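Hello,

Here is the structure for your files.

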Amino acid sequence: MPTLTPTLLSSGRSTRHREFYAEIGDIGVICNGHDATKTVNKRRGSISDYGMPKPGAGPVLADSGFAGNPTGTLFYRARWRDGDTNTVGLPSAVTSIVIGGKQVTVTRPGSPPTRATHWIVERTKDGGTTW
């Protein structure tokens, strides 16, 4: 059976978040609440992403030109969702726009993974940090 080293497990992951690991038989799960959850197959000696990946970039924002209520600096992010399993991925990078009483046009951030059936847009309240 292959031996998995800490270097292999933490490769490419955020060092600011504590890793948690659970194992049942030959399958393990690594998560830290920030990076994509990983599954470890000890029999195959492989590590792969679990669930939906996060979008590679934040949503594209533009002033629609139509009157609306939002004012100030607004922050947006997006997530992919698999409607069959109700799995929702981690959020994308945050993008922002300064708007004054106009509607915002939000464009999907790139191509979704094949399992994604929806995309979710999240916005802060006017200039706030609550999503």
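A salt bridge is counted here when a side-chain nitrogen of Lys or Arg lies within 4 Å of a carboxyl oxygen of Asp or Glu. By that rule there are 4 salt bridges. The model is predicted, so local features need pLDDT of at least 70 and side-chain atom pairs pLDDT 80 or more, while totals for chains, interfaces and linings use all residues. Residues are numbered from 1 along each chain as its sequence is written, and side-chain values use heavy atoms, without hydrogens and water.

Arg77, Arg79 and Glu122 form a network of salt bridges. Glu122 meets Arg77 at 2.5 Å, N to O. Glu122 lies in strand β8 (residues 118–123) and Arg77 in strand β5 (residues 60–82), so this pair ties together parts 45 residues apart in sequence. Strands are DSSP runs of E, at least two residues, numbered from the N terminus. The closest N and O atoms of Glu122 and Arg79 are 2.9 Å apart. Both Glu122 and Arg79 are buried (under 20% relative accessible area with a 1.4 Å probe, protein chains only; exposed is over 50%, partly exposed in between).

Asp26 and Arg43 form another salt bridge, at 2.8 Å, N to O. Asp26 is in the loop between β1 and β2 (27–31), and Arg43 is in the loop between β3 and β4, 17 residues apart. Asp26 is partly exposed at 23%, whereas Arg43 is exposed at 67%.

An open antiparallel sheet has 4 strands in the order β1-β2-β3-β4, where pairing needs at least two DSSP bridges between two strands.

Regards
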